[in-house]
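Open the model in your viewer and keep the selection tool ready.

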Amino acid sequence: MIDKIVYSFPVQLLLNHIRKNHALLFSWVILFFIVTNSFGRLLGIPYLFLDPEYLGSTNFWSFFITGISIGVFIMAFHTTSYIIDAERFSFLAGLTRPFTKYCINNSIIPLIFVFTYVTNIFRFQYFAENKDILTILFLLSGFSTGMIFIIGLTFTYFWSTNKDVFKILASNVDKRLKKVKATRAQIMSKYLFEPKNPIRVDNYINLSLRLKFRRRKVTKNILHKYDKDVLLKVFDQNHLNSVILQAFIIVLILVLGVFRDFGFFQIPAAASSVLFLTILIMIAGAITYWFRGWTIFSIIVFIVVLNVVVKAEILERSYQAYGLEYGSDKANYTLQALKESNTPERIDTDITNTHKILNNWRCKFPANSKPPMVLICSSGGGLRSALWTTTAIQKADSITGGKLMDHTMLMTGASGGLLGLSYFRELTLRKKNGEQVSIYDDRHLYNIASDHLNPIIFTLLVNDLFIPFPQFFRYEGKKYLKDRGYAFEQQLNRNTNFILDKPLSAYKLPEQQSRIPMLIMSPTIINDGRKLFISPQGIAYMNTADINSQRFNLDRIKGIEFSQFFHGQGGDNLRFLSALRMSATFPYITPNITLPSEPVMEIMDSGISDNFGIADAIRFLFVFKDWIHENTGGVILLSLRDSDKNSPITESRGFSLFQKFFTPIRSLYVNWDNIQDFNNDNLVEFAQSWFGGPLRKIELQYVNQPMTYRPQTKNTHSDQPISQEEYTTQRASLSWRLTSKEKKHIMKSIESNDNQIALQQIKKLLNY
């Protein structure tokens with residue numbers, strides 16, 4: 001019985017994959033890890049597979065297209081492994097429809113994956129998206145229909161083009177039957193041969209899905225070359241068809257890349273990911289088939305050549321900030337140039353101009369009062385932080401009757417936090433301009449929390465990582481290449497109803513008039529770790545170590561003021577969305593922007609240097625401490641955090657050898673926020689010693705704790721007790737994609753006891 005199982009065709013194919021086809025297995029492992037939420041959760045990648053979007057929503061067609069891509073991947077797996085290994089199972093050539101039978105017996109891995117995928121889709125849609133069972137089954141029917149459709153279509157094509165050995169040798173057999181007294185089966189058996197190192201197969205599953213035992217005959221006659229060539233012709237036909245399938249997929253991705261700006265062609269990112277992975281496994285199969293024993297050597301040679309090409313910058317690709325001039329005139333990026341751009345006269349001028357803004361801020365309040373000044377700092381954290389920031393500032397401003405924004409002088413932060421601050425600030429400006437804008441409407445929360453990840457991943461796969469088909473667009477008369485940076489900005493633009501699509505300079509006058517708070521973005525320069533301070537105002541005083549030093553040119557310059565440094569490249573014309581993108585560069589997702597300087601300046605996320613914006617706010621307070629002390633009743637440092645400051649300590653035990661090897665790196669990454677927290681707390685403590693007036697720090701935190709609440713489909717105003725319809729959820733992931741449950745959890749977190757106490761403190765302080 002054991003032999004029947006071990007030497008069955010499905011088991012032998014599985015063992016053969018484990019022994020030889022590691023590239024194919026690795027592709028399946030990646031997909032298994034993604035759909036089980038074990039890989040890429042930090043970036044939100046599993047959500048692309050478990051909740052695919054098409055034309056802005058998750059529906060039957062989004063799952064249908066995803067099902068098609070999975071079906072294509074399964075057929076590519078079959079054809080690739082058939083090319084590599086079918087000749088080792090020569091008995092196939094003697095069967096009718098050999099390729100179909102090969103696929104049936106090669107389906108252990110695909111069947112396990114499809115079952116796992118469907119199960120996880122059901123769980124995700126039910127528990128994370130709160131969909132009812134009938135809706136989930138409808139979505140799964142779309143997935144199943146798409147997968148079955150493409151698999152059936154592929155088999156139909158193979159059946160119509162492939163011929164088995166009986167058809168190819170029919171004429172030869174008929175001729176021999178006329179000359180000798182032998183049956184068709186006896187003559188046909190002479191054409192069958194075994195390879196030198198045959199793989200034992202005692203049974204296989206036939207087209208009726210029944211177990212079929214084969215008679216293992218090995219002819220002792222040496223076949224002439226013609227006979228073997230005829231047999232191999234059966235396999236060659238399938239090889240040709242697999243090449244046609246691969247060419248079709250490549251053309252499909254090229255077409256999607258060319259028309260990626262049209263919504264109809266923007267297939268779910270999960271589908272484009274699977275298609276891209278399909279090409280990779282087919283290429284891996286082709287390399288294995290062509291080079292055989294030289295496969296590893298050929299891969300090493302390819303990597304070495306690719307490394308040389310990249311080093312020579314032949315395939316170098318830059319990602320630009322829109323609005324800047326990337327011509328021959330580059331900004332001189334040297335230490336001497338930094339000193340020349342930070343002269344005492346320049347710093348004094350910027351301080352004087354900011355004093356005017358401070359005076360305009362003071363004029364909003366009665367002359368005989370001492371209004372508290374608010375500095376708002378928001379942490380980075382993708383869409384999680386963007387939604388939390390918007391939720392927190394919306395709630396805080398509403399309970400104070402709009403006083404929060406009136407009292408706020410400065411906004412700082414990183415990544416998603418800056419997106420939320422910028423969005424609410426723009427809404428406030430439009431309301432003050434007389435537009436009919438309800439700045440506390442919940443729809444603004446859902447706007448800022450809308451998916452960014454799908455179009456970014458789609459563009460990455462069909463254009464940036466594949467054969468790029470260059471497409472351009474114009475902004476302010478300048479020509480730029482469309483890439484995933486462009487996709488990010490366009491998606492953010494659509495999600496926010498295009499209200500942030502303006503140049504940086506558009507905010508210069510409103511900030512000067514103190515109609516809205518100043519906003520300083522400070523992404524990190526990869527070249528040397530300095531900050532790039534982006535603001536429509538002159539803020540050179542943020543750059544130097546000590547503004548009171550008469551010898552500051554000898555001090556280390558810690559930052560660069562963007563507008564002044566890139567004045568010759570049109571710094572004031574920088575697209576505000578590009579400035580936000582510079583501050584929200586997410587590793588491997590949104591690319592690092594390069595700026596027109598010599599040498600080239602590369603920009604990374606603000607969170608590298610300060611993920612909470614505290615350091616920039618304290619720096620601003622230090623520069624203007626005398627004015628603020630004299631003209632205000634103190635400072636409220638409002639910190640909007642998307643992480644729990646006092647998270648529980650975890651026990652570091654039970655690590656594997658592999659985990660222990662990466663512990664030093666992992667510890668630094670996991671505790672980076674804690675390290676910055678300790679430094680920021682020290683800055684605030686020191687500030688309380690040198691600032692003459694009251695300095696209060698208030699934190700609104702999205703805490704890592706379960707929340708219980710009713711689904712939206714229920715009557716939330718009911719006084720009935722909550723029972724099984726309540727559900728709990730854990731902390732939202734840090735990504736550019738949030739589930740419905742995560743969005744609700746983030747918005748609900750403002751109602752926690754600690755946050756309610758903090759809100760009452762804000763209300764009390766602003767009602768001075």
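Which residue in β5 is the bridge partner of Ile376? Select Ile376 and look across: the partner is Met411. Strands here are DSSP runs of E with at least two residues, helices are runs of H or I with at least four, and both are numbered from the N terminus.

A word on the source. This is a predicted model, where local features need pLDDT of at least 70, side-chain atom pairs count only at pLDDT 80 or more, and totals for chains, interfaces and linings use all residues. Residues are numbered from 1 along each chain as its sequence is written, and side-chain values use heavy atoms, with hydrogens and water left out.

**Stop 1: strand β4**

Select residues 373–378, which form β4. β4 runs parallel to β5, joined by 5 bridges. Two strands count as paired if DSSP finds at least two bridges between them. Find Cys377; opposite stands Ser639 of β15.

Next, check the cover on β4. Of its 6 residues, 6 are buried (under 20% relative accessible area with a 1.4 Å probe, protein chains only; exposed is over 50%, partly exposed in between). In a regular strand, side chains alternate between the two faces of the sheet. One side of β4 carries Met373, Leu375 and Cys377, the other Val374, Ile376 and Ser378.

**Stop 2: Thr412**

Move to strand β5, residues 408–413, and pick Thr412. Is Thr412 buried or exposed? Thr412 is buried, with a relative accessible area of 0%. A polar atom of its side chain lies 2.8 Å from the backbone oxygen of Gly613. Show the contacts of Thr412 beyond four places in sequence: among them are Ile376, Cys377, Leu418, Ile520 and Asp616. Contact means heavy atoms within 4.5 Å.

**Stop 3: the cores**

Select Phe49, Leu532, Met582, Leu595 and Met601. These have the most contacts inside the largest nonpolar core, which has 155 residues. Such a core is a set of buried Ala, Val, Leu, Ile, Met, Phe, Trp, Tyr and Cys residues joined through side-chain atoms within 4.5 Å. Helix α5, residues 60–85, gives the most to this core, with 12 residues. A second, separate core has 34 residues, including Ile351, Leu375, Ile539 and Phe624.

**Last stop: the whole chain**

Zoom out. The chain has 32 helices and 16 strands. Of its 768 residues, 53% count as buried.

Note on methods
A polar contact is a pair of N or O atoms within 3.5 Å; within protein, one must be able to donate a hydrogen and the other to accept it, and residues adjacent in sequence count only if both atoms are side-chain atoms.
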